[in-house]
Amino acid sequence: MKTTGERVTRVLVIGILLTWGITSYVRGFLHEEPKPAWHGIGLALVVLNLVMFALLGAGIWLGRSKDAPYRVPGIVLLVASMVAAMVLYTIAPHAGGGFFFCMAGLWVLMMRLPLRWGITVSVLTIAAIGGLGEGFRSSGADLGLMSAFVGLTLGAVASRQGKAAQEATHRAEAANAVLAERSHLAREIHDILAHSLSAQIVHLEGARLLLARDGDRVQALDRVERARNLARSGLEETRRALATLRGEVAEPKEVIAELAEEFYASTGRPCDVQVTGVPREVSPQAGLAVVRTAQEALTNVRKHAPGARAQVTLRYLRDEVQLEVTDTGGTEPVVELPGGGYGLVGMRERAELIDGTLVTGPDGKGFRVSLRVPA
């Protein structure tokens, strides 16, 4: 992303170049022969200038987007502006200002057309400048103007190659990110199943021993119900992870509500959810970061603060989404079970991938996880 300083510098450079070019062009237009007039060649000079600038501006404006419906008409208008500049060059060959501004049109054509067609247009333009110069200029072809167009062509080709390399790099980074996310999801599914099944075994084994020794049937039933809730929670988390693996990411507020229900089902402790602002659709990356952070934070509460209550706050702001997960602190002994998520490091890495921030730390007797992602 460009910084504000880079944008200001770019605007200043473009503004200075445009001001210099327009000033030089107007001075040449008013002092070179033939001069503008309301009749004859002078009138043709004025009309051709207006036509050239109108075609050039319209051609650059149309088809700005790669998928714009007016892309082809924009290319036609740019070619027409260069033809108008050639006609203008035959009337005022010593000015050459029309071709100076048509450099912008040629650059745009080089970016929009396939490379071979762009080079073809550039070569024809350079040849036309040379031929018209030999035919209409007393000093022959304008080698300086021709060299400028050659340099512009080489710069456009280099720019295209750089852009293609940058796009290839972005595609490779995106592919690596997808592979990394799939690897994370595979590990997450493994961790979900390991945690859920391990806890179920503990509860079921306790229930078996109680029943075998004619123990308290209420306690045995409670352990069976906890095992059932853990199985249901593990199944839901596994389904959600598989849905994410297929690219099906639900709205964050809906998933957070489900996570709160699962938290209550597996712990017997409430998880309050508060949503502020106007809920809206967010990017898949931002939605996934919010969902995964909420899931990981609540998983950590279950593991490291048993007996704690949890609260999840989701805020929809103008240009970002904030998530905050807090707990009241554990009131029961911690029982370490096999399996685990990615912890704070994984949550922070996921946030930083999309230019977000993650802040964690103690919050009274409990713990606080705060995520901010652009949306």
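L43 is found in helix 2, residues 40–61; helices (H or I, at least four residues) and strands (E, at least two) are DSSP runs, numbered from the N terminus.

Together with W38, V47 and V51, L43 forms a nonpolar patch on the surface, with about 430 Å² of accessible area together. Such patches are made of residues with over 30% relative accessible area and no salt bridge, with nonpolar side chains (Val, Leu, Ile, Met, Phe, Trp, Tyr) joined within 5 Å and like charges within 9 Å. A salt bridge is a side-chain nitrogen of Lys or Arg within 4 Å of a carboxyl oxygen of Asp or Glu, and accessible areas come from the Shrake-Rupley method with a 1.4 Å probe, only the protein chains shown counting as cover for residues.

## M111 and its contacts

M111, found in helix 4 (residues 97–112), is partly exposed as well, with a relative accessible area of 27%. Not counting residues up to four places away in sequence, M111 touches R71, A156, S159 and R160, where contact means heavy atoms within 4.5 Å. The C-alpha atoms of M111 and S159 are separated by 8.5 Å, although these residues are 48 residues apart along the chain.

Five strands form an open sheet with mixed pairing, in the order 1-2-3-5-4; two strands pair if DSSP finds at least two bridges between them. The edge strands, each pairing on one side only, are strand 1 (271–276) and strand 4 (357–363).

Strand 5 (residues 366–374) runs antiparallel to strand 4, with seven bridges joining them, and T360 stands opposite V369, while P362 stands opposite F367. The hairpin of strand 4 and strand 5 has two residues between the strands, and there G364 takes a positive phi near 70°. Strand 3 is also joined to strand 5 by seven bridges and runs antiparallel to strand 5, with E324 opposite S370.

## Helices across the sheet

Helix 9 (residues 284–304) lies across strands 1, 2, 3, 4 and 5, running at about 175° to strand 5. Axes are lines fitted to C-alpha atoms, for helices over the stretch in contact, and angles run from 0 to 180 degrees between N-to-C directions.

## Basis of the values

Residues are numbered from 1 along each chain as its sequence is written, and side-chain values use heavy atoms, leaving out hydrogens and water. In this predicted model, local features need pLDDT of at least 70 and side-chain atom pairs count only at pLDDT 80 or more, whereas totals for chains, interfaces and linings use all residues.

How values were computed
Buried < 20%, exposed > 50% of the residue type's maximum accessible area, 1.4 Å probe, protein only.
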